[in-house]
Amino acid sequence: MHSHTLKVDSVQLEFDDRKILQDVFLSCSTGEVVGLLGRNGCGKSSLLRIIFGSLNCGYKHVSVDGQHISKGYHKNRIAYLPQHNYLPSGIKICKLAKPFVDPLLWSNFSDHPAYQQHRYKTVGELSGGELRQLETLMIVYSRADFILLDEPFTHISPVQADTLKTLVKTCAKTKGIIVTDHQYYNVLGVSDRIILLDNGCTRPIKDDADLVTYNYLNKK
């Protein structure tokens, strides 16, 4: 299967004359999981939204296989799981899932225990953890080559988190996945590479010692 590469470069984002993102380079190829870490408020979610195309910025260069794209969601190249719930209430999960899930992956998705258990329920009938798990499943099993996951481990149980990590690693065999979460240990546990967003800049991380050097983790 032909691999694809997403590259993000030269992102510039300011809020109220304060530079949030200024020296960003990030790449992700199909077949890998890239973890994005950084302190609260450093711009992780903003960067994912910029890549997806739902947030405008001063400048950016986003490309897939060398071809510039202005909107990541165009032609389903990139799918994005936002921090907050995105599914509308009042509609059964089985009907909501159809537009999201790749028909070629439907059998994998529909066999998942979470879908089997809750497919005839509406969003309002689900707990926060159940809803988050299903929203993540729909995005991961979408048609997109690249998946952006913003806080996928929030509001789910440790058992659900372990199941999700296994799912992400499985889907990353054919997709490129960028994941960020304040539960950094889950990000470290599922990622092939780690990028730290620090003072508006992206920094490749080789090991935990680098995270200590940049004051993201405390020295043990």
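**A walk through strands, helix and cores**

S10 is found in strand β1, which spans residues 5-15; strands here are DSSP runs of E of at least two residues, helices are runs of H or I of at least four residues, and both are numbered from the N terminus. The model is a predicted one, in which local features need pLDDT of at least 70 and side-chain atom pairs count only at pLDDT 80 or more, whereas totals for chains, interfaces and linings use all residues. Residues are numbered from 1 along each chain as its sequence is written, and side-chain values use heavy atoms, with hydrogens and water left out.

S10 has a positive phi of about 60 degrees although it is not a glycine. Most residues other than glycine have a negative phi. With a relative accessible area of 30%, S10 is partly exposed, a class that lies between buried (under 20% relative accessible area) and exposed (over 50%), as computed with a 1.4 Å probe on protein chains only. A positive phi, near 55 degrees, is also found at N199, again a residue other than glycine. N199 belongs to the loop between β10 and β11, and because its relative accessibility is 59%, N199 counts as exposed.

On the β4 side, β10 (residues 193-198) pairs in the parallel sense with β4 (residues 33-37) over 4 bridges; V34 has R193 as its bridge partner in β10, and L37 stands opposite L196 in β10. β10 is mostly covered, with 5 of its 6 residues buried.

These pairings are part of an open sheet of 6 strands, with mixed pairing and the order β7-β8-β9-β4-β10-β11. Its edge strands, each pairing on one side only, are β7 (78-81) and β11 (201-205). From one strand to the next, the twist averages 20 degrees. Helix α1 packs on this sheet, touching β4, β7, β8 (146-150), β9 (176-180) and β10, and its direction makes about 150 degrees with that of β7; such angles run from 0 to 180 degrees between N-to-C directions, the axes being lines fitted to C-alpha atoms, for helices over the stretch in contact.

Which residues does I51 contact, once its neighbours within four places in sequence are left aside? I51 lies in helix α1 (residues 44-52) and is in contact (heavy atoms within 4.5 Å) with L6, V8, L26, V62, G72, I78 and L148. V62 is 11 residues away from I51 in sequence, and the two C-alpha atoms are 6.7 Å apart. At 1% relative accessibility, I51 counts as buried.

The neighbouring F52 brings in the aromatic residues. A search of the whole structure finds 9 aromatic pairs, a pair being two rings of Phe, Tyr or Trp (its six-membered ring) whose centres lie within 6.5 Å, with planes under 30 degrees apart counted as stacked, over 60 as edge-to-face and the rest as tilted. The rings of F52 and Y80 have centres 5.4 Å apart and planes at 35 degrees, so this pair is tilted; it links distant parts of the chain, helix α1 and strand β7, across 28 residues. Both F52 and Y80 are buried. For W106 and Y115, the ring centres are 5.7 Å apart and the planes stand at 75 degrees, so that pair is edge-to-face, and both residues are buried. W106 and Y115 form one aromatic cluster with F109 and Y141. K98 lies over the face of W106, at 4.1 Å from the ring centre, under a criterion that asks for NZ of Lys or CZ of Arg within 6 Å of the ring centre and within 35 degrees of the ring normal.

Finally, the nonpolar cores, which are sets of buried Ala, Val, Leu, Ile, Met, Phe, Trp, Tyr and Cys residues joined through side-chain atoms within 4.5 Å. Of the 44 residues in the largest core, I93, F109, Y115, I147, L149 and I177 touch the most other members. Helix α5 (residues 128-140) provides the largest share of this core, 6 residues. A second, separate core of 28 residues includes I50, I51, F52 and I78.

Notes:
Two strands pair if DSSP finds at least two bridges between them.
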